[in-house]
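Visitor: I'd like to learn how to read a protein model feature by feature. Could you walk me through one?
Guide: Happy to. Here is the one to look at.

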Amino acid sequence: MSVPSDEGVRVDKAITIEKPISEVYSFWRRFENLPRFMRHLESVTVQDNLHSRWVVEAFGGKKLEWDAEIIEERNNEMISWRSLPGADVDNAGSVWFTPVPGGTGTVVRLEMKYVPPGGKTAVLISKLFGQDAESEIEEDLNRSKTLLETG
């Protein structure tokens, strides 16, 4: 596991997107789509079916990078990942896709844990400047909803 259980910051957020699960899952599984709604995510370069390279723009314009691998995947249900050794930001998590009764929508639930550069002090400073991960993820999920529902 890339984030020890006694370290890091945990974020759990969910949103309902009024699109069928197959469409939502397919969009998220194409990782190159993620920078379209994740504001700080500069790029995701898919290397093969399990590995990808991530680049984010962090506080102060600094770039952070890491390689990630999918550790479990269930079509139209979930994708789990972890960062590989040498990451600027150790992280791990899952995105779950659950159909809304009636099949017209999808609940997307993102659960992740990461160790920020600078540790807990950096988390406190980020919150002071209104840049905490929980708020950022919530905004990203709202942008994904808008993008998928309205194009």
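Visitor: How many aromatic pairs does the structure hold?
Guide: There are 6 aromatic pairs. Keep in mind that this is a predicted model.

Visitor: How are the rings of Tyr-25 and Phe-97 arranged?
Guide: The general idea is to look at two numbers, the centre distance and the plane angle. For Tyr-25 and Phe-97 the ring centres are 5.2 Å apart and the planes meet at 80 degrees, so this pair is edge-to-face. Tyr-25 sits in helix H1 and Phe-97 in strand E6 (residues 90-99), so to speak a bridge across distant parts of the chain, 72 residues apart. Both Tyr-25 and Phe-97 are buried.

Visitor: And which kind of pair do Phe-31 and Trp-54 form?
Guide: That one is tilted, with 6.0 Å from centre to centre and 45 degrees between the planes. Distant parts of the chain are linked here too: Phe-31 is in the loop between H1 and strand E2 (41-46), while Trp-54 belongs to strand E3 (residues 51-57), 23 residues away. Phe-31 and Trp-54 are both buried.

Visitor: Which residues do ring pairs link into a cluster?
Guide: Tyr-25, Phe-27, Trp-28, Phe-37 and Phe-97.

Visitor: What should I make of the nonpolar core?
Guide: In soluble globular proteins, nonpolar side chains tend to be buried together. In this model the largest nonpolar core has 35 residues, and those with the most contacts inside it are Trp-28, Leu-34, Trp-54, Phe-97 and Val-108.

Visitor: What does Trp-28 touch, leaving out residues up to four places away in sequence?
Guide: Its partners include Leu-34, Val-95, Phe-97, Val-108 and Ser-144.

Visitor: Is Ser-144 buried or exposed?
Guide: Ser-144 has 0% relative accessibility, so it counts as buried. You'll find Ser-144 in helix H3 (residues 133-150). Beyond four places in sequence, Ser-144 contacts Ile-17, Trp-28 and Phe-37.

Visitor: Which backbone oxygen lies 2.7 Å from a polar atom of the Ser-144 side chain?
Guide: The one of Leu-141.

Visitor: Let's turn to the strands. How do E3 and E4 pair?
Guide: E3 and E4 are antiparallel, with 7 bridges.

Visitor: How many residues lie between E4 and E5 in their hairpin?
Guide: The hairpin has 3 residues between its strands.

Visitor: Last topic, confidence. What average pLDDT does the protein chain have?
Guide: The average is 86, and 84% of the residues score at least 70.

Definitions and conventions:
Residues numbered from 1 in each chain as written. Heavy atoms only, no water. pLDDT = per-residue confidence, 0-100. Helix = DSSP H or I, 4+ residues; strand = E, 2+ residues; numbered from the N terminus. Buried < 20%, exposed > 50% of the residue type's maximum accessible area, 1.4 Å probe, protein only. Polar contact = N/O pair within 3.5 Å; in protein donor to acceptor, adjacent residues only side chain to side chain. Contact = heavy atoms within 4.5 Å. Phe/Tyr/Trp six-rings, centres within 6.5 Å; stacked < 30°, edge-to-face > 60°. Pairing = 2+ DSSP bridges. Core = buried A, V, L, I, M, F, W, Y, C linked by side-chain atoms within 4.5 Å.
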